[in-house]
Amino acid sequence: MNKYRGRPRSRRDLTMRVGSRTFRKMGVPRFNWGDLYHQLLTISWPLFLALIGLAYTATNALFALAYLADPHGIVNARPGSFGDAFFFSVQTMATIGYGVMTPLTTYANTLAVIEALTGLLGFAVVAGLVFTRFSHPTARVLFSRIAVVCPFNGVPTLMFRMANQRHNRILEARVRVTLLKDEVSLEGETMRRFHDLRLIRSQTPALALTWTVMHPIDQRSCLAGVAADELNKADAEILVTLTGLDETVSQIVHARYSYFPGNLSWNKRFVDIIGPAENGERYIDYTRFHDVETTPNADRPV
């Protein structure tokens, strides 16, 4: 019996989706100060900007309260006015210095020095985070919504499409396809096993347009003789990972996609999307990128 079954959810539990499954990580803290940099890089832009704005406002508010400890420490500031102290803090932290309000006492000048240093460090950290988020290399790779299984050179073949959506090239692109499925050992233990699928071509010097990735389902394939219902029972997933060098930024980019049994189409093939135009050029029609058609002799199962 699984000792974790029925255990109540804790606020410390972290939910993570892997493929078609959702896992609850129990006993792992949701937040760790050591991962603050990583979390600030991975959260959404609206949340990131909201946190920066909140931290900026809170820091100025704390310094404003500190300035209020000396009612006569700021020239031209109303004694006890939190608003004047807050806006003086904003001017000091941003090194604006309009000159209307200035520190007068030793305490206020010392506090202004501390705040100026805090502002310099804070702006350096925020600038680094913003630059890293903007400059982080990403790939815009389009994957076909479905994968097909159809004959190729007389051999049943698993196929799917990829396309580079940018107007540049991904150099030295490499693709890896892995089959994930549940298997039961001789001892009756269920394990999630990984099987690499051999590809007809696993790399290309430059990915500029499209790439049809093909895995022959022959005697060496772990998909040989496997029916669609068997893949469903095994909770199978076909994981695709692509890596390459973006020629524009000269950095490694990557993309991934998953196909599940419901995304597999048997005895179908992709429609041709490349052809000659009237002016002699060739065209590629991405509007039909996901379209498939029935293969000849579709009544014979692949």
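**View 1. Thr-95 counts as exposed, at 57% relative accessibility.** The cut-off for that label is over 50%, so Thr-95 qualifies. This is a predicted model, and here we're looking at the loop between α3 and β4, where Thr-95 lies. Its backbone is worth a glance too: phi of Thr-95 is positive, about 55°, although the residue is not a glycine.

**View 2. Asn-153 sits in the loop between β6 (147-152) and β7 (155-164).** What is the phi of Asn-153 near? It's near 55°, a positive value in a residue other than glycine. As for cover, Asn-153 is exposed, because its relative accessible area is 71% and the label needs over 50%.

**View 3. Helix α4 takes in residues 106-135, 30 residues in all.**

**View 4. Several residues of α4 are buried.** They are Ala-108, Leu-111, Ala-112, Glu-115, Gly-119, Leu-129 and Arg-133. So what covers them? The cover includes α1 (36-42), α2 (45-68) and α3 (82-93), along with β4 (102-103).

**View 5. Stepping back, the chain has 5 helices and 18 strands.** Buried residues make up 30% of its 302 residues. Take the contacts with a separation of 6 or more: 62% of them join residues 24 or more positions apart. The accessible surface of the chain comes to about 19300 Å², and carbon and sulfur atoms hold 58% of that.

Note on methods:
Residues numbered from 1 in each chain as written. Predicted model: local features only at pLDDT ≥ 70, side-chain atom pairs only at ≥ 80, totals over all residues. Heavy atoms only, no water. Helix = DSSP H or I, 4+ residues; strand = E, 2+ residues; numbered from the N terminus. Expected span 1.5 Å × (residues − 1). Buried < 20%, exposed > 50% of the residue type's maximum accessible area, 1.4 Å probe, protein only. Contact = heavy atoms within 4.5 Å. Areas by Shrake-Rupley, 256 points an atom, 1.4 Å probe, with all protein chains shown as cover.
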